[in-house]
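Good morning, colleagues. Please bring up the model.

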Amino acid sequence: MSGAGLTIEDVQDRKRRFNASAQVRMLELAAKELRDDCFGFHLARGFELGEIGLLYYVMASSERLADAVRNAERYCAINNEGVRLRVSLERTFAIGFEYLNIDRLSDHHHMEFWLVTLVRICRTLTSSRLAPKQIKLRHFRPETPPDVRSHLGCEIDFAAESDEISFPAPIGALPVVGADVHLNKLLLQYANEALSNRAPRRAGIRSHVEDQIAQLLPHGKANAPEIARRLGMSRRTLARALSAEGATFSDVLEMLRQALAKRYLRERELPISEIAWLLGYSEISSFTHAFARWTGLTPKAFRNSKDVR
């Protein structure tokens with residue numbers, strides 16, 4: 001808890017809210033202490049869903065699964081300031097995740113906790129063993145852990161361009177077992193009141209820039225002009241928008257590369273030459289020099305160190 005900037009008193013006070021960054025950090029540290037590389041997956045399987053509180057009961061009293069997930073999309077800010085849901089019912093029944101004011105690349109277990117929790121909720125609400133059609137996560141793993149694959153019923157596409165769970169389209173029409181229209185109307189009133197008491201927050205330009213950089217790095221096109229073009233603005237406008245958030249494009253690029261490099265080096269199956277390519281370096285030597293500047297270690301020395309974070 002200390003490593004995440006929390007105290008025992010913080011945890012014991014059930015009315016106190018933890019910021020999302022502290023949640024992410026605490027799960028990462030707990031996973032390391034427990035030596036459980038799938039801690040987020042495992043943690044999500046065992047807790048009582050009712051502990052989620054008002055948001056869960058709004059979902060559980062909804063008429064159909066699509067209604068329940070739409071309500072989660074609208075009211076998830078009640079429970080978490082760092083992650084928002086986005087729901088699509090067009091070609092598939094898809095639930096995506098959007099991070100706000102958090103470095104997505106710093107997270108591993110927090111996102112995996114969200115993933116399994118949402119699948120659990122969908123299964124519980126419909127009283128069925130739903131299996132996702134596809135799961136995509138932006139962080140890297142060499143493969144889906146066998147027990148996780150067995151639990152979810154499908155493989156996970158890691159190092160993807162987005163964080164998303166998708167089910168076959170008809171799944172959204174499934175009725176929620178125990179739906180209560182009258183209770184749902186009452187709970188929606190409470191949820192609207194709770195939501196109105198929280199200031200609205202949106203993803204800043206930095207998060208959008210980071211998304212674009214992550215996609216373009218392996219292609220060697222992660223530069224300010226190209227990303228400005230993709231975001232529909234001029235390079236000067238992009239620079240001003242980042243400056244308003246206290247950042248520059250070069251700072252964002254460097255910090256993202258550093259975070260990705262450390263994440264990739266944890267995966268010992270990935271050759272350092274491939275990591276250099278994934279980060280947009282044409283030469284291994286360029287990556288080595290940059291990494292030594294960031295950490296004081298070569299990539300190989302960092303990978304072999306006892307305290308790889």
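I shall begin with the helix and then turn to the loop residue.

This is a predicted model, in which local features need pLDDT of at least 70 and side-chain atom pairs count only at pLDDT 80 or more, while totals for chains, interfaces and linings use all residues. Residues are numbered from 1 along each chain as its sequence is written, and side-chain values use heavy atoms, with hydrogens and water left out.

Helices here are DSSP runs of H or I with at least four residues, and strands are runs of E with at least two, numbered from the N terminus.

Which residues of α8 are buried? They are Asn184, Leu187 and Ala191, where buried means under 20% relative accessible area and exposed over 50%, with a 1.4 Å probe and protein chains only. Seen down the axis, these residues fall within an arc of 70°, so they line one face of α8; the arc is taken over directions from the helix axis to the C-beta atoms. That buried set packs against α4 (54-60) and α5 (65-75), contact meaning heavy atoms within 4.5 Å. On the face turned away, α8 carries the exposed residues His182, Lys185 and Ser196.

Now the loop residue. Asp163 sits between β4 (156-157) and β5 (164-167), and is buried, with a relative accessible area of 2%. Beyond four places in sequence, the contacts of Asp163 include Arg86, Phe97 and Arg138.
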